[in-house]
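The sequence and the structure are shown below.

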Amino acid sequence: MSREKTVYTCTECGGTSAKWLGKCPQCNAWNTLVESAAEGGGAATSKNRLSTPSYAGYAGLAQPVTPLAAIEATEVARTPSGLDELDRVLGGGVVEGGVVLIGGDPGIGKSTLLLQALDALQRSGLETLYVTGEESGAQVALRSRRLGLDNSQVKVMAEIQLEKILATIEARQPAVAVIDSIQTMYSDQLSSAPGSVAQVRECSAHLTRLAKSTGIAIVLIGHVTKEGALAGPRVLEHMVDTVLYFEGDTHSTYRLVRAIKNRFGAVNEIGVFAMTERGLKGVSNPSAIFLSQHSQPVPGSCVLVTLEGTRPLLVEIQALVDGGGPSPRRLSVGLDRDRLAMLLAVLHRHAGVACMDQDVFVNAVGGVRISEPAADLAVLLAITSSLRGRALPKGFLAFGEVGLAGEIRPAPRGQERLKEAAKLGFSVAVVPKANAPKKPIEGLTVHAVERVDEAMDLIRREMD
């Protein structure tokens, strides 16, 4: 009996190799080749790949082309999902024929979020379909009872075979269909197991083609790897229109939905949800959860105005400086650790504040991750406050990027940051000189600085 032929498929790009290699020959990724059964090849695979192709037979298939200026540009119609925070991340709502991929850790609340959204869409008069491959219909119904979705008319289908799912969607013609999850689906046309690179790629391609041809919006739920990336081939993220990540600690009440790709809206938008006994509830003022509630100002705390997409958020940066001995530790949570080491060097060289024999711990309150460099100035001020043991004034905030030469660079959309801070009752701000407002902002005193030493001198006066 002959041995079944196998190939090695890259989980990143989907490329194949006849033998296992440490590095993928197509995308040069390491340790990504996975063994799978080879699919039967057609007549085209037996042709000499080096032969010159002939396109003479395609002359009748040529299509007309249109210049961009002659194409009428219209706004994309959107349907609100019933969850304002989800609509913010999607760019305003669900797009007809759009394909959305949402990934997140197990138990984070992906199924709960989409079940709530489908129920809201169904109650607005739209036909919806929830396809579950991981749970039975009874389990989905039990969850809907826990969420308080009484008398919900959302259609549920427990199935993992792609052909049956496609036939049902075409027959029912729902406005929105959810596939939970894409890693559990399989096609009879392939012999590989569900969740393999070939199955995920093929099932996603068929569902995307169906969405574009029928105008049905399809939402795919995806698993993530232990590193936090979406499981399956990287081409999966290229196929879909929108990619969302559901983030947060399962032990915390709050969840963040972040858009990293959106063909119909802005990227890097976030939606903030609170997990309650009745499911996920949108948080209209997320700044409140990222600020600690102190009755009096405490040393080592400085408030930053950061941007997440189009939304300014106030986040409290906390620092703790303590004696560390010959091998001091540098630890940051929610901020880049390498950038923290760089900021400490700038603080020593240009402001004369030495922390080389101190342990330095920095934390962004609320579990938010800050990637923009505008947090630099707030981090330095929080470290200085903790080192001196003196609290910054009440209602104080700062933002600005710090350069290696000690200069303080402007942050984008500084006026919006300051207006958001004034709206929430902050009274003193230290900002880069280029971000100083041209007109005074009522209730907010703005100090514009150009260098780190200027900011440190100002803070010493404020604390004294």
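## The loop at Gly-425

Gly-425 lies in the loop that connects α9 (414–423) with β22 (428–432). Helices (H or I, at least four residues) and strands (E, at least two) are DSSP runs, numbered from the N terminus. With a relative accessible area of 57%, Gly-425 is exposed; exposed means over 50% relative accessible area, buried under 20%, and partly exposed in between (1.4 Å probe, protein chains only). Gly-425 and Leu-444 are separated by 19 residues in sequence, and their C-alpha atoms are 8.4 Å apart in space.

## Basis of the model

The model is predicted: local features need pLDDT of at least 70, side-chain atom pairs count only at pLDDT 80 or more, and totals for chains, interfaces and linings use all residues. Residues are numbered from 1 along each chain as its sequence is written, and side-chain values use heavy atoms, with hydrogens and water left out.

## Overall fold

The secondary structure of the chain comprises 10 helices and 23 strands. Along the principal axes, the C-alpha trace spans about 80 × 55 × 50 Å. Of the 464 residues, 47% count as buried. Contact means heavy atoms within 4.5 Å; among contacts between residues at least 6 apart in sequence, 66% join residues at least 24 apart.

An unreviewed UniProt entry carries the annotation "domain: RecA family profile" for residues 75–224. UniProt positions are given in the numbering used here, feature names are shortened, and annotations may be inferred rather than shown by experiment. Over residues 75–224 the chain is 40% helix and 20% strand, with the end C-alpha atoms 33 Å apart.

## Nonpolar cores

A nonpolar core is a set of buried Ala, Val, Leu, Ile, Met, Phe, Trp, Tyr and Cys residues joined through side-chain atoms within 4.5 Å. The largest such core has 65 residues, of which Ile-317, Val-362, Ile-370, Leu-381, Ile-383 and Phe-396 touch the most other members. Helix α8 (residues 376–388) gives the most to this core, contributing seven residues.

Leaving aside residues up to four places away in sequence, Ile-370 touches Leu-304, Thr-306, Val-315, Ile-317, Gly-334, Leu-335, Ala-364 and Ala-375. There is also a second, separate core of 30 residues, which includes Val-94, Leu-121, Val-140 and Val-178.

## Helix contacts of α10

Two packed helices are described by the angle between their axes and the distance between the axes. The axes of α8 and helix α10 (residues 452–463) come within 11 Å and cross at roughly 45°. Axes are lines fitted to C-alpha atoms, for helices over the stretch in contact, and angles run from 0 to 180 degrees between N-to-C directions. The helices α8 and α10 are therefore oblique to each other; angles under 35 degrees count as roughly parallel, over 145 as roughly antiparallel, 65 to 115 as roughly perpendicular and the rest as oblique. On the α8 side, the contact is made by Leu-377, Leu-380, Leu-381, Thr-384, Ser-385 and Arg-388, and on the α10 side by Val-452, Ala-455, Met-456, Ile-459, Arg-460 and Met-463.

Helix α7 (residues 337–351) also meets α10, with axes that come within 9 Å and cross at roughly 80°. That makes α7 roughly perpendicular to α10. Val-346, Leu-347, His-350 and Ala-351 of α7 make this contact with Val-452, Asp-453, Met-456 and Arg-460 of α10.

Most residues other than glycine have a negative phi, and most peptide bonds are trans. A cis peptide bond, with omega about 0°, joins Asp-180 and Ser-181; Ser-181 is found in the loop between β9 (176–180) and α5 (197–214). Asn-31 has a positive phi, near 55°, and is located in the loop between β2 (16–17) and β3 (33–37). Asn-31 is exposed, with a relative accessible area of 60%. Gln-173, in the loop between α4 (162–172) and β9, has a positive phi near 50°. Gln-173 is partly exposed, its relative accessible area being 41%.

Asp-105 sits in the loop between β6 (99–104) and α2 (110–123) and is partly exposed, at 37% relative accessible area. The C-alpha atoms of Asp-105 and His-223 are separated by 7.2 Å, although these residues are 118 apart along the chain. Not counting residues up to four places away in sequence, Asp-105 touches Lys-110, Val-224 and Phe-246.
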